[in-house]
Amino acid sequence: MILEERPDGAGAGEESPRLQIQCGQLQSRRAQIHQQIDKELQMRTGAENLYRATSNNRVRETVALELSYVNSNLQLLKEELEELSGGVDPGRHGSEAVTVPMIPLGLKETKELDWSTPLKELISVHFGEDGASYEAEIRELEALRQAMRTPSRNESGLELLTAYYNQLCFLDARFLTPARSLGLFFHWYDSLTGVPAQQRALAFEKGSVLFNIGALHTQIGARQDRSCTEGARRAMEAFQRAAGAFSLLRENFSHAPSPDMSAASLCALEQLMMAQAQECVFEGLSPPASMAPQDCLAQLRLAQEAAQVAAEYRLVHRTMAQPPVHDYVPVSWTALVHVKAEYFRSLAHYHVAMALCDGSPATEGELPTHEQVFLQPPTSSKPRGPVLPQELEERRQLGKAHLKRAILGQEEALRLHALCRVLREVDLLRAVISQTLQRSLAKYAELDREDDFCEAAEAPDIQPKTHQKPEARMPRLSQGKGPDIFHRLGPLSVFSAKNRWRLVGPVHLTRGEGGFGLTLRGDSPVLIAAVIPGSQAAAAGLKEGDYIVSVNGQPCRWWRHAEVVTELKAAGEAGASLQVVSLLPSSRLPSLGDRRPVLLGPRGLLRSQREHGCKTPASTWASPRPLLNWSRKAQQGKTGGCPQPCAPVKPAPPSSLKHPGWP
């Protein structure tokens with residue numbers, strides 16, 4: 001705030017107490033929210049213990065309902081706290097336009113996790129190194145997970161979630177095999193019901209983080225100022241990314257232990273996000289009421305866009321009204337989707353009425369045909385010709401008919417809004433519908449005449465059509481991709497839990513008349529491609545297929561070919577000291593209880609990460625539901641559980657698909 005300078009200094013004196021009062025009020029509200037959060041967390045802990053202890057189905061249903069309320073309250077309190085901490089003003093957009101509220105998803109919550117013990121044990125047992133020397137890497141992983149639990153509602157939060165997701169992919173590729181898990185329990189709370197779930201599968205952790213990436217996209221989209229074209233475009237992209245995350249989760253994870261990650265729920269969320277993206281398309285085309293276009297064609301295009309949005313929301317409402325989604329989705333969501341379906345259908349009739357009554361004249365050749373704009377009645381099989389009548393009286397009568405349907409639809413939307421207790425508290429939604437209803441009533445009164453005794457024409461339904469059909473887009477999983485935290489263990493192509501090896505050396509290698517007698521190839525690590533029989537290398541015990549991991553005491557697992565060659569040439573007549581690893585044939589991998597430091601995966605080194613990543617650890621789990629699997633869609637045969645076909649997902653660019661552990 002910039003104060004105007006006054007000679008007597010009164011301005012600063014008057015404003016300073018006001019600012020102090022405002023800061024004190026904010027601090028007081030923050031303290032109240034923290035107290036409420038602590039109270040809700042205590043209630044959730046008690047309800048969770050009761051849910052696990054009881055075997056009575058009725059008690060479990062009651063506790064699950066209570067957990068859903070507690071989880072919703074926690075989400076609202078945390079969002080309010082973030083807005084207060086960030087100084088977010090509810091009227092921050094500075095726009096007089098009023099937009100319909102969107103549906104954002106709450107993030108899944110999780111408990112703290114101790115990575116130290118299992119990772120240190122695995123590094124010591126399987127990699128043959130001192131697990132305590134990797135304390136810094138483990139602390140970095142734990143700090144990243146702790147920060148990921150409360151991401152900010154912006155792009156920085158997305159980067160944080162994506163960075164942790166990529167580290168999980170590295171962990172999957174380096175430490176897990178089909179016969180071994182880390183032995184950790186991953187605890188997550190359902191986003192829709194608040195019911196806790198836990199599993200030992202790292203796939204459950206990956207799937208939950210991916211769900212939160214999609215949920216955070218929905219929150220970013222809902223916070224955009226959609227009254228301007230750029231804000232509507234950003235919101236549409238956010239909802240498309242959210243739909244892509246849920247689609248990716250539905251296609252690659254199966255047997256989810258929590259309802260929000262079931263195939264039916266994910267399909268419903270995809271459809272909801274695509275409907276909200278379609279609504280953003282309409283809002284990007286629809287100007288404020290004071291700047292409404294007077295062109296017939298523009299009004300007809302808006303009418304068909306609104307009809308498209310209504311059709312999308314009707315599809316979502318049908319999906320949400322069916323079990324099992326009906327049992328998980330909040331009632332207020334289903335009610336809001338129903339209200340929006342009625343509202344946008346009435347808005348389509350309103351724009352047709354504006355095209356008939358206020359649209360500027362257009363030639364008959366410019367107008368679309370009746371079949372291109374309106375749905376034909378089942379009994380009608382004859383073409384109707386131009387969409388708009390040319391006589392002014394006919395246009396007025398048809399405009400009144402569409403306005404009548406618009407008014408009835410808006411009144412129905414208000415009635416549905418009043419039936420839901422949660423929606424009754426959303427004054428913004430009622431304000432939007434009421435404003436549109438008042439405009440429709442005013443226009444109907446303008447067209448109505450006292451001597452109008454003609455029977456009103458029947459207004460046909462509007463044909464849904466859009467100039468831009470949103471498609472689900474993959475989230476940017478490569479934007480938070482950083483180096484592997486445990487890169488000191490060596491390249492994943494060799495040094496992973498799927499491989500077995502034997503450490504050889506150090507061996508002293510001297511130069512003979514023909515050199516060292518070996519051929520090197522590749523980078524990180526450098527491979528001994530050939531050993532000449534009878535040479536110095538053969539005498540030292542080096543073999544074809546060994547990997548050089550140390551030269552003269554210097555670790556070289558990440559060295560390039562040229563660097564190793566340069567170091568060997570510089571050795572001179574004294575020779576060089578090498579340490580290599582020899583890959584062992586495939587066999588049963590030992591469990592963590594087996595103390596033999598061995599490592600190499602089935603069928604050797606040449607299997608790709610793509611093949612390894614789609615395997616599921618065959619471990620025990622605490623959830624009574626089947627284990628969450630990371631699997632290929634081709635092996636599933638069908639996605640299952642989707643009441644309606646979902647929007648297709650654009651193929652991701654190659655960079656976003658080359659993650660460790662990706663199927």
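**Entry 1. Aromatic rings**

I started with the rings. Phe127, Phe175, Phe486, Phe495 and Trp501 are linked by ring pairs into a cluster. I note here that the model is a predicted one. I then asked how many aromatic pairs the structure holds. The count is nine.

I looked up the pair of phenylalanine 211 and phenylalanine 246. Their ring centres are 5.4 Å apart and their planes meet at 50 degrees, so I logged the pair as tilted. Phenylalanine 211 sits in helix α6 (residues 202–222) and phenylalanine 246 in helix α7, so the pair ties together parts 35 residues apart in sequence. Both phenylalanine 211 and phenylalanine 246 are buried.

Next came phenylalanine 282 and phenylalanine 344. Here the centres lie 5.7 Å apart with the planes at 90 degrees, so this pair is edge-to-face. It links distant parts of the chain, with phenylalanine 282 in helix α8 and phenylalanine 344 in helix α11, 62 residues apart. Phenylalanine 282 and phenylalanine 344 are both buried.

**Entry 2. The nonpolar cores**

I asked which residues touch the most other members of the largest nonpolar core. They are Trp115, Phe175 and Phe486, in a core of 117 residues. Helix α11 (residues 331–357) gives this core its largest share, 13 residues. I also found a second, separate core of 20 residues, with Val526, Ile528, Ala537 and Ala571 among them.

I checked the length of helix α8 (residues 263–285). At 1.5 Å a residue, its 23 residues should span 33 Å. The end C-alpha atoms are 34 Å apart, which agrees.

I picked glutamine 276 in helix α8. Glutamine 276 is buried, at 1% relative accessible area. Beyond its neighbours within four places in sequence, glutamine 276 is in contact with Met102, Ile103, Phe239, Tyr313 and Lys340.

From helix α11 I took valine 337. At 1% relative accessibility, valine 337 is buried. Leaving out neighbours within four places in sequence, valine 337 is in contact with Ile103, Leu272, Tyr313, Val316, His317 and Met320. Valine 337 and methionine 320 are 17 residues apart along the chain, and their C-alpha atoms are separated by 9.1 Å.

**Entry 3. Salt bridges around glutamate 237**

I counted salt bridges and got 22. I then stayed with glutamate 237. Is glutamate 237 buried or exposed? It is buried, with a relative accessible area of 16%.

I went through its partners one by one. Arginine 233 bridges to glutamate 237, with the closest N and O atoms 3.5 Å apart. Both lie in helix α7 (residues 229–252), four residues apart, about one turn of the helix. Arginine 233 is partly exposed at 39% relative accessible area.

Arginine 241 also meets glutamate 237 in a salt bridge, at 3.4 Å from N to O. These two are four residues apart in helix α7, so about one helical turn separates them. Arginine 241 is buried, with a relative accessible area of 8%.

The next partner is arginine 476, whose closest N and O atoms to glutamate 237 are 2.5 Å apart. Arginine 476 lies in the loop between α15 (427–447) and β4 (501–509), and glutamate 237 in helix α7, so the pair ties together parts 239 residues apart in sequence. Arginine 476 is partly exposed, at 36% relative accessibility. Through shared partners, salt bridges join Glu230, Arg233, Arg234, Glu237, Arg241 and Arg476 into one network.

**Entry 4. Cysteines**

I checked cysteine 357. Its closest cysteine sulfur is in cysteine 296, 10.0 Å away, which is too far for a bond. Cysteine 357 is partly exposed, at 25% relative accessible area. Cysteine 420 counts as buried, at 10% relative accessibility.

Definitions and conventions:
Residues are numbered from 1 along each chain as its sequence is written. This is a predicted model: local features need pLDDT of at least 70, side-chain atom pairs count only at pLDDT 80 or more; totals for chains, interfaces and linings use all residues. Side-chain values use heavy atoms; hydrogens and water are left out. A disulfide is a pair of cysteine sulfur atoms within 2.5 Å. Buried means under 20% relative accessible area, exposed over 50%, partly exposed in between (1.4 Å probe, protein chains only). A nonpolar core is a set of buried Ala, Val, Leu, Ile, Met, Phe, Trp, Tyr and Cys residues joined through side-chain atoms within 4.5 Å. A salt bridge is a side-chain nitrogen of Lys or Arg within 4 Å of a carboxyl oxygen of Asp or Glu. The expected span of a helix is 1.5 Å times one less than its number of residues. Contact means heavy atoms within 4.5 Å. Rings of Phe, Tyr and Trp (its six-membered ring) pair if their centres lie within 6.5 Å; planes under 30 degrees apart count as stacked, over 60 as edge-to-face and the rest as tilted.
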